[in-house]
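Here are my notes on this model, for you to go through with the viewer open. Please have a look at the chain before reading on.

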Amino acid sequence: MAQLLYQGHGSFRITTNDGTVIYVDPYAGMGYDLPADLILVTHDHYDHTDLAKAPKKPDVTIITHAEALVDGEYRRFSCKGVAISAVPAYNQNHDRNACVGYVLKLDGVKLYAAGDTSRTDAMGNQLSGMHLDYALLPIDGVYNMNAREASLCAELIGAAHTIPIHVKPGALYDRDMAEAFQAQGRILLAPGETLELVSAGR
């Protein structure tokens, strides 16, 4: 069964059932002990791009916004049984031409890594139709949407479970701020906590 380790801020690691290791926006926290098969970077801000932190297998695949968004086209990829689709991410602090989110399909689970964003048109007209199992949304209210807007976005997206991340600028996490996020199927993960990823079968 696939497992997600939340490392803090916007960083997390997924390990698939067959041992494929995926780091998303490496920068924060602990848990960089497993060599990466795949590293996904949503944009080039320093707090999402510490590629040196994650050990890498010789055949590692690294996908950044530069590969994921080319001439306005959001691209799709496949790596060791993991399907990756880039999707829009943007707000006043993040240029839509230099930022992406990712939808991952692995072990029968569909997971949305939003990256740094506020509400996007794709949330209601694309992501909502994917019947996602998990969505990880930023809620800091400074560089991204706040908890209230993120709660509305979670309703639009309609994932079975939504996890607030990128909770407080300059901190790994803030429980009180995370508690302000409300969504059906909400899951709160503190840095260092893990979650078994299970398909909702929708």
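1. Housekeeping. The model is predicted, so to speak of a local feature the pLDDT has to be at least 70, and side-chain atom pairs count only at pLDDT 80 or more, while totals for chains, interfaces and linings use all residues. Numbering runs from 1 along each chain as its sequence is written, and side-chain values use heavy atoms, with hydrogens and water left out.

2. Largest pocket. About 250 Å³ of space sits in it. A pocket here is an open set of points on a 1 Å grid over the protein atoms alone, with protein on both sides within 12 Å along at least five of seven lines, and lining residues have an atom within 4 Å of a point. The volume is the space filled by probe spheres set on the points, which are joined across faces, edges and corners. Of the 14 lining residues, His-9, Tyr-46, Asp-47, Tyr-143 and Gly-170 lie nearest the centre. The lining splits into 7 nonpolar, 5 polar and 2 charged residues (nonpolar: Ala, Val, Leu, Ile, Met, Phe, Trp, Tyr, Cys and Pro; charged: Asp, Glu, Lys and Arg; polar: the others, Gly among them).

3. Second largest pocket. This one has a volume of about 160 Å³, and its lining includes Tyr-74, Arg-75, Arg-76, Lys-105 and Met-130. Strands S9 (82-88) and S10 are the elements that give two or more residues to that lining (strands are DSSP runs of E, at least two residues; helices are runs of H or I, at least four; both are numbered from the N terminus). The largest share, 3 residues, comes from S9. By class the lining has 5 nonpolar, 2 polar and 3 charged residues.

4. Cavity. There is 1 cavity of 30 Å³ or more, where a cavity is a set of grid points at which a 1.4 Å probe fits but cannot get out. The largest cavity holds about 50 Å³ of space. Gly-10, Phe-12, Asp-25, Gly-115 and Ile-165 are the closest to its centre among 14 lining residues.

5. Cores. The largest nonpolar core has 55 residues, and Phe-12 and Tyr-112 have the most contacts inside it. Such a core is a set of buried Ala, Val, Leu, Ile, Met, Phe, Trp, Tyr and Cys residues joined through side-chain atoms within 4.5 Å. Apart from it lies another core of 7 residues, Val-21 and Ile-39 among them.

6. Helix H3 (residues 147-157). Its buried residues are Ala-147, Ala-150, Ser-151, Cys-153, Ala-154 and Ile-157 (buried is under 20% relative accessible area, exposed over 50%, partly exposed in between, with a 1.4 Å probe and protein chains only). Seen down the axis of H3, they fall within an arc of 160 degrees, so they line one face; the arc is that of the directions from the helix axis to the C-beta atoms. Exposed Arg-148 and Glu-155 are on the face turned away from the buried side.

7. Leu-106. This residue of S10 (residues 100-106) counts as buried because its relative accessibility is 3%. Leaving aside neighbours within four places in sequence, Leu-106 is in contact (heavy atoms within 4.5 Å) with Ala-2, Ile-14, Thr-16, Ile-22 and Val-82.
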